[in-house]
Amino acid sequence: MISVYEGPLDHLTLPDAANSIVDETFDRLFLPERFERGDVAVVCHDESTVMGYVWLSFKDLWVCEGRLFLVLADDEATTYDAFVFPQYRGRGLYTRFESVALAEAGTRGRKRVITIVESDNTNSLKTQLRLGKTQVMSLYSIHLFDRFSLHWATGRPLASRFYR
């Protein structure tokens, strides 16, 4: 089952092994701040257990990896923080909940959905291309001493749509 949530997922739980996944914290799936800013969670689940999810935003989005904001036009949305739990991978769940996210964006008047993928996440990059998406640009960021950042982009002129 795939559902779109505009508020906390109080009735759903994470799979048993979720806490053992290194470098992943799933607290963000239940953050009320995201819902308060108007973001929605598209969640694939069985009766009560989350299998995977993607967040959908309709406002400017902080891209923490680049330490920049992505500025969205009025007819755009962005998906972020997509994840499928390992025990559910290989079932085509991402493709299904991503298509629900795209449809949800369309019902809200959004004509384009931008997806941000970290360059070292090769599986996600391959999935995006397999889904027929086009890589529009690459954004590079160098951070020095947590005080200074250098940013540049290649590809189509979306670079001006980022600000610090």
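A residue counts as buried when its relative accessible area is under 20%, as exposed when that area is over 50%, and as partly exposed in between. Keep these cut-offs at hand for the tour of this predicted model.

**Whole chain.** Start with the protein chain in a cartoon view. Three helices and 10 strands make up its secondary structure. Followed from the N terminus, the order is β-α-β-β-β-β-β-α-β-α-β-β-β. Of the 164 residues in the chain, 38% are buried.

**The largest nonpolar core.** Select Tyr5, Val43, Tyr53, Phe85, Leu93 and Phe97. The largest nonpolar core has 25 residues, and these six touch the most other members. At least two core residues come from each of strand 2 (40–45), strand 3 (50–57), strand 6 (76–84) and helix 2 (93–107). Strand 3 gives the largest share, five residues.

Next, centre on Tyr5. Leaving aside residues up to four places away in sequence, Tyr5 touches His11, Leu12, Phe35, Val40, Ala41, Val43 and His45. Another core, of six residues, lies apart from the largest one; Val40, Leu56, Ala105 and Val113 are among its members.

**Salt bridges.** Side chains of opposite charge can pair when their charged atoms come close. The whole structure holds six salt bridges.

Select Arg37 and Asp39. Their side chains form a salt bridge, with 3.0 Å from N to O. Which of the two is buried and which is partly exposed? Asp39 has 2% relative accessibility and therefore counts as buried, while Arg37, at 25%, is partly exposed.

Move to Glu76 and Arg112. The closest N and O atoms of this salt bridge are 3.3 Å apart. Glu76 is in strand 6 and Arg112 is in strand 7 (residues 112–115), so the pair links distant parts of the chain, 36 residues apart. Glu76 is buried, at 2% relative accessibility. Arg112 stands at 47%, so it counts as partly exposed.

Then select Lys133 and Glu98, a salt bridge whose closest N and O atoms are 2.4 Å apart. Because Lys133 sits in the loop between helix 3 (122–130) and strand 8 (137–144) and Glu98 sits in helix 2, the pair ties together parts 35 residues apart in sequence. Lys133 is partly exposed at 22% relative accessibility, whereas Glu98 is buried at 2%.

Last, select Glu6, Glu104 and Arg108. Salt bridges with shared partners join these three into one network.

Terms used. Residues numbered from 1 in each chain as written. Predicted model: local features only at pLDDT ≥ 70, side-chain atom pairs only at ≥ 80, totals over all residues. Heavy atoms only, no water. Helix = DSSP H or I, 4+ residues; strand = E, 2+ residues; numbered from the N terminus. Buried < 20%, exposed > 50% of the residue type's maximum accessible area, 1.4 Å probe, protein only. Core = buried A, V, L, I, M, F, W, Y, C linked by side-chain atoms within 4.5 Å. Contact = heavy atoms within 4.5 Å. Salt bridge = Lys/Arg side-chain N within 4 Å of Asp/Glu carboxyl O.
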